[in-house]
Amino acid sequence: MHIDILTLFPQMFDSPFGASIFKRAIDSKLVSVSLHNIRDHTHDKHRTVDDYAYGGGAGMILKPEPIFEAVAAIKATIKEGAEKLPVILLTPQGRRFCQEVAGELAGYSRLVLICGRYEGVDERVRQHLATDEISIGDYVLSGGELAAMVVVDAVVRLLPGVLGSAASAADDSHTSGLLEYPQYTRPPLYKGWSVPAVLLSGDHARIAKWRHEQAIQRTRQRRPELLEKIDLP
Ligand code: ADE
């Protein structure tokens, strides 16, 4: 998968993309990322990316031209299917990001993410450039950068080969619609707290049953609304 990210702060991405699973995914060429500074697509002396809102009001609005030009420059490098390229604006007004949306985005071979900033983005970007708008939750961040990192992280770990074992993504909280069951590692007894005996039994069928029951119980306690969305056997 190739991901193009349009931002005014490309340096914000250095550290999350330079570590751990993501770095391995890049090193093994399962994913590649191009960071595009929106300011590089301005043409005036001051490299202006924002302006006052028509009609008044506090705060500056990101101008449409540099964003349209940055996306056009990306599309110009694509030989086939540029018209179908998903162009996603990160904004608190978007559809809510969740595991299902992550799975949907993981199905694309290429994504463009636009990080909004300041008080907003010119409406024409939404209407005539973005093909999708995503919010990572009902709160307002200072910009779309952290949201883009969240989306990229959740999507990349679903790509085949990125996680060590294919099973680890399948067992994640939310993949099945349930929260994950409790996990333990050695030692079997720590400060008097023991690992449930069933996990030490070696009986895989009993362990699977216990984990499923625990996942349901945990979901019922913490996120009962999730149970309404799934068919339990
Ligand atoms: N930009 C600012 N807040 C955001 C949010 N909650 N989700 C996505 N992008 C944002």
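Which residues form a nonpolar patch on the surface? This is a predicted model, to be clear from the start. The patch consists of Met12, Tyr139, Leu141 and Leu146. Together these residues have about 340 Å² of accessible area.

Take Leu141 from that group. Leu141 sits in the loop that runs between β8 (132–135) and α6 (145–156). Its relative accessibility is 31%, so Leu141 counts as partly exposed. A residue needs over 30% relative accessible area to be part of a patch, and Leu141 has 31%.

Next, the cysteines. How many disulfides does the structure hold? The count is zero. Cys98 is in no disulfide, and the cysteine sulfur nearest to that of Cys98 belongs to Cys115, 20 Å away. For reference, the cut-off for a sulfur pair is 2.5 Å.

Are these two cysteines buried or exposed? Cys98 is partly exposed, with a relative accessible area of 35%. Cys115 is buried, and its relative accessible area is 1%.

Last, the domains. The assignment for the protein chain gives domain 1 as 2–156 and domain 2 as 171–229. How many Å separate the centres of domain 1 and domain 2? Taken over C-alpha atoms, the centres are 37 Å apart.

That is what I have for today.

Methods:
Residues numbered from 1 in each chain as written. Predicted model: local features only at pLDDT ≥ 70, side-chain atom pairs only at ≥ 80, totals over all residues. Heavy atoms only, no water. Buried < 20%, exposed > 50% of the residue type's maximum accessible area, 1.4 Å probe, protein only. Domains from an automatic or database assignment. Patch = residues over 30% accessible without salt bridge, like charges linked within 9 Å, V, L, I, M, F, W, Y side chains within 5 Å. Areas by Shrake-Rupley, 256 points an atom, 1.4 Å probe, with all protein chains shown as cover. Salt bridge = Lys/Arg side-chain N within 4 Å of Asp/Glu carboxyl O. Helix = DSSP H or I, 4+ residues; strand = E, 2+ residues; numbered from the N terminus.
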